Every structure is written in C-alpha cells, then in structure tokens.
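Student: I am new to this structure. Please show me how to read it, one feature at a time.

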Amino acid sequence: MKTKLLSLLLLCALGGCTNLGVQPWERGVLAKPEMALDHEQLDLALDDHIFFSKEGVSGGRAFAGGGCGCN
C-alpha cells in the first residue's frame, strides 16, 4: 500500500512540471505593451528616484559603477 501511494505522489509531482513554457496562443497576450516591465512610466520614474536617492548616484540605467565613484 505504501509503494502505491508513493508511486502516485511521485507521478503527481512529476506531472506538475510538464507545462513550464508559454503556449503559442498565450504569446499574443504577453506581447501586449501593458505586459512590459516599463509600461507604467510614473512607477518607473518613482522607482528610479528611490533607487538613485538610496544609492547616491545619478544617470540612466546604462551607466556602470555605483555611488562610490568607481567604474
């Protein structure tokens, strides 16, 4: 009885990992502009303000280095 129960639990656990990717019909939804990470410009500006205030740096996202002056 223990073996059957363990086998069933193992099959259920392995079956849960069968669909990890994006299906072709879901790609259209994920490609919408509102699904982008930088869709909300106000939230992005506030996040930048908080980050640059905490780190003591200025500039855009393409700059290397930190608030210590090293690159």
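Predicted model: local features only at pLDDT ≥ 70, side-chain atom pairs only at ≥ 80, totals over all residues.

Tutor: The mean pLDDT of the protein is 75, and 76% of its residues reach 70 or more.

Student: In which helix is confidence lowest, and in which is it highest?

Tutor: Helix 3 (residues 41–55) has the lowest, at a mean of 80, and helix 1 the highest, at 86.

Student: How many helices and strands does the protein have?

Tutor: There are 3 helices and 0 strands, and the pattern along the sequence is α-α-α.

Student: What span does helix 1 reach, from its first C-alpha to its last?

Tutor: Compare the span with the one expected at 1.5 Å a residue. Helix 1, with 14 residues, reaches 20 Å, close to the expected 20 Å.

Student: What share of the protein's residues is buried?

Tutor: Buried means under 20% relative accessible area. Of the 71 residues, 3% are buried. In helix 1 the count of buried residues is 0. The protein exposes about 6600 Å², with 64% of that supplied by carbon and sulfur atoms.

Student: Which residues form a nonpolar patch on the surface?

Tutor: L5, L8 and L9 do, with about 310 Å² of accessible area together. L5 lies in helix 1, which covers residues 2–15.

Student: Why do residues three or four places apart in an α-helix point the same way?

Tutor: An α-helix has 3.6 residues a turn, so such residues point the same way.

Conventions: Residues numbered from 1 in each chain as written. Heavy atoms only, no water. Patch = residues over 30% accessible without salt bridge, like charges linked within 9 Å, V, L, I, M, F, W, Y side chains within 5 Å. Areas by Shrake-Rupley, 256 points an atom, 1.4 Å probe, with all protein chains shown as cover. Salt bridge = Lys/Arg side-chain N within 4 Å of Asp/Glu carboxyl O. Helix = DSSP H or I, 4+ residues; strand = E, 2+ residues; numbered from the N terminus. Buried < 20%, exposed > 50% of the residue type's maximum accessible area, 1.4 Å probe, protein only. Expected span 1.5 Å × (residues − 1). pLDDT = per-residue confidence, 0-100.
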